[in-house]
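Thank you all for making time for this.

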Amino acid sequence: MKTIAITGAGGQIGYALVFRVLSFFAEKNEKIHLKLIDLPAVMPSMEGLAMEIDDCAFSCVESLTITDELHVGFKDVDWAFLVGAMPRQKGMERSDLLSKNALIFKEQGQALNEVANPDAHVLVVGNPCNTNALIAAHYAPKLNKNHFYGMMMLDELRARAQVANKVDTQVENVKNMIVWGNHSATQFPDYTHATVDGKQVTELCDETWLKDTFLPKNQKRGAEVIAARGASSAASAANAALETMKRVLYPDGQPFSLGIHSNGEYGAQAGLMASYPCMVSSGEARIINDIELDSYVKAQAQLSFDELADEYNQLKTLNIL
Ligand code: NAX
């Protein structure tokens with residue numbers, strides 16, 4: 001029976017994710033221990049969340065824990081969604097955001113190291129998600145560093161949906177749309193390898209649309225959602241988090257985008273957490289390392305890898321890594 005933990009469970013992504021996770025396991029007829037973690041100030045509203053979970057009468061809930069203590073929340077965890085993070089506030093520099101979150105993910109890595117199942121998988125959603133995943137992995141040496149992931153699935157799903165709308169097909173027909181690099185405006189959703197019903201996307205969509213509309217829209221989709229909704233992506237982020245867990249634990253044989261430990265594949269600095277095309281074999285997500293990239297794709301991916309290397313170097317300067 002799996003133990004699943006969600007940090008930031010009292011936030012907007014958390015609220016959507018909790019019920020998606022429970023529906024998923026209920027449909028699978030799999031029992032879980034669910035542990036929901038947030039800050040002490042949020043505990044009263046988490047009691048309300050617990051009441052709502054009870055009132056759904058999900059058949060999969062073997063136990064439910066609501067806590068503000070990491071060691072309680074991560075005890076024996078098999079899969080952790082690390083959603084809670086310090087949001088970027090007005091006037092905050094990117095380096096301030098990095099250092100504030102670094103402390104949160106250091107503490108969470110240390111707690112995972114002490115009490116989690118050593119074989120646990122950890123998906124970081126809280127931004128900057130790839131670098132936060134790197135920090136958590138660094139402070140959890142008893143866990144497998146290849147089981148720490150940055151969430152890139154939302155970027156992939158956004159890209160697949162854009163192409164599906166453009167060529168008027170179902171989104172499941174858009175395949176092999178891998179996002180390289182960082183979860184940021186430098187990401188590169190690689191339309192050059194993507195296909196629709198076996199045809200290359202580059203044959204179905206003109207280059208001007210791909211370069212001038214598709215790419216910038218995907219890179220800035222988060223900001224577009226904020227402008228329209230007055231709040232950042234929540235349900236779609238929760239959906240992407242669940243989808244990532246499904247791809248890793250219940251693989252379907254398709255490649256997918258995942259922020260994962262890099263050994264320097266495709267020109268990234270070794271030791272980074274970066275998004276790559278991955279497949280699961282023998283229970284492990286692995287980078288597909290034999291894809292031919294043309295010079296344009298290589299350069300775009302490199303830009304995004306370099307941004308991650310900057311984040312990494314800032315953490316070195318701050319003595320966090
Ligand atoms: P909210 O502010 O609604 O919720 C965050 C929750 O986390 C709050 O309840 C807060 O109390 C809690 N929290 C903060 N620090 C904590 C800590 N140290 N331990 C436990 N809980 C803590 O934010 P929400 O919209 O849910 O977004 C959460 C994170 O997801 C943000 O960092 C956001 O930037 C990131 N996102 C990542 C995405 C991705 O694709 N990787 C997309 C969506 C989202 O922007």
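The chain is divided into domain 1, residues 2–150, and domain 2, residues 153–315, with bounds that come from an automatic or database domain assignment. The centres of domain 1 and domain 2, taken over C-alpha atoms, are separated by 23 Å, and the contact takes 37 residues from domain 1 and 36 residues from domain 2, where contact means heavy atoms within 4.5 Å.

Before going further, please keep in mind that this is a predicted model, in which local features need pLDDT of at least 70 and side-chain atom pairs count only at pLDDT 80 or more, while totals for chains, interfaces and linings use all residues. Residues are numbered from 1 along each chain as its sequence is written, and side-chain values use heavy atoms, with hydrogens and water left out.

Let me turn to the charged side chains. How many salt bridges does a search of the whole structure find? The search finds 10, a salt bridge being a side-chain nitrogen of Lys or Arg within 4 Å of a carboxyl oxygen of Asp or Glu.

One of them joins the side chains of Lys2 and Glu30, at 2.9 Å from N to O. This pair links distant parts of the chain, 28 residues apart, with Lys2 in strand 1 (residues 2–7) and Glu30 in the loop between helix 1 (12–28) and strand 2 (32–37). When I say helix or strand, I mean DSSP runs numbered from the N terminus, with helices being H or I runs of at least four residues and strands being E runs of at least two. Lys2 is partly exposed, at a relative accessible area of 21%, and Glu30 is likewise partly exposed, at 21%; on this scale buried means under 20% relative accessible area, exposed means over 50%, and partly exposed lies in between, using a 1.4 Å probe and protein chains only.

A second example is the salt bridge of Asp155 with Arg158, at 4.0 Å from N to O. Because Asp155 and Arg158 are three residues apart in helix 6 (residues 153–167), about one helical turn separates them. Asp155 is buried, with a relative accessible area of 1%, and Arg158 also counts as buried, at 12%. Elsewhere, Glu243, Lys246, Arg247 and Asp252 are linked in a network of salt bridges.

Which residues of helix 8 are buried? They are Trp209, Leu210, Phe214, Leu215, Asn218 and Gln219, and what covers them includes helix 6, strand 9 (188–190), helix 7 (201–204), helix 9 (221–229) and helix 11 (295–317). At the N-terminal end, Asp206 caps helix 8, with a side-chain oxygen 3.2 Å from the backbone nitrogen of Thr208.

Now to a pair of strands. Strand 13 (residues 273–281) and strand 14 run antiparallel and are joined by four bridges, where two strands pair if DSSP finds at least two bridges between them. The bridge partner of Cys278 in strand 14 is Ile287. The two strands form a hairpin with two residues between them, and Ser282 in the turn has a positive phi of about 50°. In strand 14 (residues 284–287), Ala285 and Ile287 make up a covered face, while Glu284 and Arg286 make up an uncovered one. In a regular strand, the side chains alternate between the two faces of the sheet.

I will finish with the backbone. Most residues other than glycine have a negative phi, and most peptide bonds are trans. The peptide bond from Asn127 to Pro128, however, is cis, with omega near -5°, and Pro128 sits in the loop between strand 5 (121–124) and helix 5 (129–138).

Asn176, although not a glycine, has a positive phi of about 60°; Asn176 lies in the loop between strand 7 (174–175) and strand 8 (178–180), and counts as partly exposed at 30% relative accessibility. Asp197 has a positive phi too, near 50°, and lies in the loop between strand 10 (195–196) and strand 11 (199–200). Is Asp197 buried or exposed? Asp197 is exposed, with a relative accessible area of 56%.

Note on methods. Polar contact = N/O pair within 3.5 Å; in protein donor to acceptor, adjacent residues only side chain to side chain.
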